[in-house]
Every structure is written in structure tokens, then in C-alpha cells.
Amino acid sequence: MREMKDSGIEWLGEIPNDWDIKKIKFSTKIRTESGMYTQDDIYIGLENVESSTGHLVETDSVYDRGIYDLFRLDDVLFSKLRPYLAKAFYAEFDGFCTGEFVVFKEFEGIKRFLLYFLLSPGFIEAVNASTYGAKMPRASWDFIKNLRMILPPILEQQAIADYLDQICAEIDALTADIQTQIDMLDQYKRSVITEAVTKGLNPDAEMKESGIPWCPSVPTHWIPTNPKALFKLRNQKAAAGERQLTASQRHGIVYQDEFMEMGSQKVVTVEKDFSILKHVEPNDFVISMRSFQGGLEYSELSGSISSAYVMLIPDADKVYPPFYKWFFKSGKYINALQSTTNLVRDGQAMRYSNFVQVPLFIIPVEEQTEIADYLSKRCTAIDSIIAEKQQQLEIIYEYKKSLIFEYVTGKKEVTV
């Protein structure tokens, strides 16, 4: 068993006797060059870097021609912005990047080892503790450069980097496979919803042409109708003291304080002028600014919400609200909503005028109830499987982080 010594750094603990410790500024040099970027060049933004993996991902982002920071082949980049996301990567090509990256051009050792050190949980926690700025927390290079890092002998750095490359590639392949399974389950769930809410549950039901482009074939007893026949507009102002709500595609309609406790971003709470808020009742449907992306949100709560949102009151005689909870989340309906607006281009909010452009159907309430109950059971079962697989991903993710920590700090030894 190798001899260990106290590193003098709380998060590092003990390290092998023959490992050195230096401030980062004495073991690295950073690149501070910039150049003119054109769209023929490669640009790396923060969204192109996968958290905690060192991987790059493609996005649809488009960047304007201009002056940006440069990085070169063999550089290592580390993001100062929201460092808890652990965004770092090893450059295998020349390119341009956002100024939020620290670009390491030289290192006293093996740069792949430097990358794993920068991704190690203890280092990330130390950097994150130094951040400033509430909305967009970032660390400064002046702080980072004075942190101490460990320097194993070169041959051992190489061995650690090679081993972590191999084992992390195997872990990443496993996580990619599980994520593919989750994506397939999510796609299957969406197809189950769309099939049920647009065709009903009876596979032998006689169908007819609806004359409606977004849903051309429906059961013969479903009657096309203007949405105004099923949903009225609520323009009721909120009363002072009503608990404030927010609309989220992930969580639905939830109270603002609970939304923030879920780990979601902060939202603006109205403290004085309550006249700018609208009232929401249980069973209302809410059109948010982003409904064209993910459908309408169903509220089971009473409270107040931003006047930027639009509330719909369902007709109690014609609408079973839990059915439309699913209906408004179906892929075909969302696509139809998207066809009514140029939101992506002009930045306008989704309005009631968009909603009424998409024809709906008068469906027997008993049938709506049957479909809603069916989807609740089917989707709960699918969600349960997805949750299990997401838990697997979390366990694997934590295992990978612990492996990186144990090997870059010498707690586990790689044979040289």
C-alpha cells in the first residue's frame, strides 16, 4: 500500500507522498488571444459543452460574425459561469469560444489529467463557493488561479488519464444507452396520448373525414366545433393576497414558492400592484407564452398568475377537464398551435386568438372520462419505468464522479 501525506487542502485530504502541490497559476498558462470569427469557423458556446462529462454536443445555435476568444488544438477549457455545472473540455481542433471560458494553453503535465482534475467534484465545489452574481453566478480567474492543484509524476498522470478515458467511455456508452431507452419511452408515451385523444379507445370505431387538417380522421360521432363552444376566456382580476402561481411545461401550474423549491429558476413575485395579476380557478387551462412548444397547462389550483397568461374556463356540460389535460399535450395539437403563430420569429406571446384558430371536437363526456382514466393508468406506468431509468442514470453519474475524484487525488492507484 502506497504511503500517503496530508495535502493541507480540505477537499483533497490525503495524497500520495510523491505527488506535488502547486497553485494553478504556477502549473498552467492561459490563452488570452482573440480573433475574427466567421460562420466558416467553429464556435463553442456553453450550450455546446455537456455538464460533468467533458463532451461536446451539437446545437442549432447561430453566432454572429465578430471578435471572439480563440482556443487551439490541445487546449483545455473550463467555464467560469455557473461552475457547479462542471463544463470543461479538451480541444481536439482550433476554434472560437465565449469569454466565459478559461483557456489553458500550457500545463506542467498531461492535459487530459488536467481536464479530469478540473471536472473532479471537490475542485468544482471549491470554485463554485467563490462565485458572485445572483442570477448568473460566475467565478473569477483571479480566484481560480490561486487554488492549489496536485501534480502526480508525469507517467502516473498519463496512466490516470488513460484509465479514466477508458472507464469513462464505457460509463458514457452505458448512460447513452439508458438515455436512448428513456427517449424511446417518452416518444411512446406521446404516441399513446395522441392516439387516444384523436381516435378514441375503440379500435373498431367507424371513422370519418373531419375536414380539419390537423386531425383529418376521427370517430363518426365526434363533432368538429369552434373552441369558443367549449372554452370561455377568464378575465377575472386577482384579489390581494391570493397565492401566486407560475406556469411550467415541466411541472404544470404550481405555486411560485414550491416551483423555486423544486430547484427551478427564480421567478418574479408581485409584491405591490396586484392589479396586474389574473385569477386562476381549479380546472382552468392556462395559455402561456411557450404553449406553442409544449401545449396548454391544466390547473388544479386556485390563485393568481401573471397577466401575460390567458385562462380558459371549460364548459362544465361539454368538457371533462382531465381529458383535455392530455388532449392539449398531444403532439398533433401542439403542431396545430404552432401553425397559428410566428412566435419563434417575432417573439410575441401565444394568445386566445391563436387558441381559437385550432378547431376542437364535441366528444361525449362519458367517453372523455374513459379516455382520461385510461391515459392516467398507462402514462403512470410508463412514467414509473422512466423514473427507474433516470434513477439508474443518477447512480451511474455519481459513480463516475467518485471514480474521477478517487483517481485524480490518488485514493485509488493506476498501475504505471
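Which residues are linked with Glu33 in a network of salt bridges? Arg31 and Asp75 are, so the trio to look for is Arg31, Glu33 and Asp75. A salt bridge here is a side-chain nitrogen of Lys or Arg within 4 Å of a carboxyl oxygen of Asp or Glu. The model is a predicted one, in which local features need pLDDT of at least 70 and side-chain atom pairs count only at pLDDT 80 or more, while totals for chains, interfaces and linings use all residues. Residues are numbered from 1 along each chain as its sequence is written, and side-chain values use heavy atoms, with hydrogens and water left out.

The structure holds 18 salt bridges in total. One of them joins Asp383 to Lys189, at 2.9 Å from N to O. Asp383 sits in helix α12 and Lys189 in helix α5 (residues 154-199), so this contact ties together parts 194 residues apart in sequence. Lys189 counts as buried at 17% relative accessibility, whereas Asp383, at 33%, counts as partly exposed. For these labels, buried is under 20% relative accessible area, exposed is over 50%, and partly exposed is in between (1.4 Å probe, protein chains only).

Glu297 and Lys329 also meet through their side chains, at 2.7 Å from N to O. This pair links distant parts of the chain, 32 residues apart: Glu297 belongs to strand β21 (residues 297-298), and Lys329 to the loop between α8 (321-327) and α9 (331-338). Glu297 is buried, with a relative accessible area of 3%, and Lys329 is partly exposed at 25%.

Then there is helix α12 itself, which runs over residues 365-408. Helices (H or I, at least four residues) and strands (E, at least two) are DSSP runs, numbered from the N terminus. With its 44 residues, α12 reaches 62 Å from first C-alpha to last, close to the 64 Å expected at 1.5 Å a residue; the expected span is 1.5 Å times one less than the number of residues. Just after α12 comes Gly410, with a positive phi of about 80°.

As for strands, four of them make an open sheet with mixed pairing, in the order β5-β7-β10-β6. At the edges are β5 (34-37) and β6 (43-44), each of which pairs on one side only. Two strands pair if DSSP finds at least two bridges between them. Strands β7 (residues 66-71) and β10 (residues 95-97) run antiparallel to each other over three bridges, and Asp69 stands opposite Cys97 in β10.
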